[in-house]
Amino acid sequence: MCGRYALALRPSQVRRMLEENDMQVDGAPEDEGPGAPRQSHNFAPGYHGIVYRADVPDYGAGPAKEHSSGTKGSSSAKDDTAVTNNTKTDQDAHDPNHFILQSMKWGLVPFWTKRNPDYSSVMKTINCRDDSLAQNGGMWNTMKARKRCLVIAQGFYEWLKVGPKEKVPHYVKRKDGKLMCFAGLWDCVRYEEGEREGERNYTYTIITTDSNAQLKFLHDRMPVILDPGSEAMRIWLDPERHEWSKDLQGVLKPYEGELEVYPVSKEVGKVGNDSPSFIIPVASRENKGNIANFFANQGKPKGKASLKDQTEPEVEVVTEMDGVKRVKTESLDEVAKDADDGGMKREQEHAVTAGSKRRAESPAPEEKEPPHKKATVKSPSPVTQPTRKTRSATTNVGKSPAKVKAPAKGKEPGAQKITKFFGNSA
DNA sequence: CCAGACGTTGTT
DNA sequence: GTCTGG
DNA sequence: CCAGACGTTGTT
DNA sequence: GTCTGG
């Protein structure tokens, strides 16, 4: 289900927005540079996104040596040597009372993985079912106990199936305009060999649960969404809880707040495309207006209030079961070619960046991550940003936000699909 | 003991 | 890494 | 998650 | 259909 979402904000913007919701942020990754999270309205698995979590060591919350399952108590209790020890104590800098934003790669790879896992394996861990966490064994055991986090997004996409071949993308966001915080799990792995040997690779997964009544027509599953400042969020992120419990399991339930759901441009289906229009109702007046402005203003970033607030979707989800067919047809086509509008000469070259071919031909033998094609149009601050609460100045605490170590850049799968990451011993 | 799984979604 | 099956 | 590729021989 | 890239 949650296999694509929107996060076109820089870490600094995310930080500010969370702080406006009274969330403590003691560190954040750089907006740019190696390992920086990607900004895209079409955020896909494998990208580096923004995760929020307690500032605990790489082995997670709780005592360094303890086993999450509490199994056996023997052991000499002396040998410190933290888990992946060596190389400086990676801890001394951690403070569980601090919460940080960190860049991590979407698609969880467990810490015990020996080699860079193949693509298909990783794709299966972009999500984690809430009911999988209710069972005791399994690969999530350590993470659910000690490595819980929030995955930050503006909203997510879901494709409504209409008929045997048609799929209409819908965007889902919070009605109150706040950032969407998914319950997630993270981990850190250091491969034993390969080009990434020794590097710390941070990855994450998004927890899914049953859809709430509002989204049932779209899909039967949805990500777990937590409200900023809620008790559920506090529990989920609490580093003092380093064992699974009913309280924690209880956090994982369908969202009870209000969401906004509406169809969007089919262009979002093509990975690699990116445009602010993807999070705007496809057939709305705003959309047309925005798109027009968008291209009209190509040269000047300031422009008028282009896409400021796109409330009232007026398109709304319309029916579904039987009316499905019509839902998409016209409206979508319309937008697809609406760029030409009724008389404007300008046309669609759009903001939609064309997806690149898969002609892997790296001129330089380095750099992994897919090219961050600088979106044709950069959206300073696209939609969103309600400024609801308008808290007093977000006192930018004087702490150095550089506490978070830049995560190792992930390597794109595919180069060498060795081992499946589940199969290795210690 | 060792070897192998450890996952999700969607579709049938 | 842990847990299960053989 | 969806979209798109999915191939060989031979020549430069 | 399956697999890969983004």
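Which residue lies over the face of Y47, and at what distance from the ring centre?

Modeller: R38 lies over the face of Y47, 3.7 Å from the ring centre; a charge sits over a ring if NZ of Lys or CZ of Arg is within 6 Å of the ring centre and within 35 degrees of the ring normal. This is a predicted model, in which local features need pLDDT of at least 70 and side-chain atom pairs count only at pLDDT 80 or more, while totals for chains, interfaces and linings use all residues. Residues are numbered from 1 along each chain as its sequence is written, chains are lettered from A and ligands numbered from 1 in the order in which they are written, and side-chain values use heavy atoms, with hydrogens and water left out.

Y47 belongs to one aromatic cluster, formed with Y5, F43, W106, F156, F182 and Y204. Across the whole structure, a search finds 13 aromatic pairs; rings of Phe, Tyr and Trp (its six-membered ring) pair if their centres lie within 6.5 Å, and planes under 30 degrees apart count as stacked, over 60 as edge-to-face and the rest as tilted. The pair of Y5 and F43 is stacked, because the ring centres are 4.6 Å apart and the planes lie at 25°. Since Y5 is in strand β1 (residues 5-7) and F43 in strand β2 (residues 40-43), this pair ties together parts that are 38 residues apart in sequence. Here helices (H or I, at least four residues) and strands (E, at least two) are DSSP runs, numbered from the N terminus. Y5 has 0% relative accessibility and therefore counts as buried; F43 is likewise buried, with a relative accessible area of 0%. Buried means under 20% relative accessible area, exposed over 50%, and partly exposed in between (1.4 Å probe, protein chains only).

F156 and F182 form an edge-to-face pair, because their ring centres are 5.9 Å apart and their planes stand at 70°. This pair links distant parts of the chain, with F156 in strand β7 (residues 155-162) and F182 in strand β9 (residues 180-189), 26 residues apart. Both F156 and F182 are buried.

A charged side chain also lies over another ring: R53 is over the face of W186, at 4.1 Å from the ring centre.

At 22% relative accessibility, W244 counts as partly exposed. The side chains of W244 and Q249 are joined by a polar contact of 2.9 Å; such a contact is a pair of N or O atoms within 3.5 Å, where within protein one must be able to donate a hydrogen and the other to accept it, and residues adjacent in sequence count only if both atoms are side-chain atoms.
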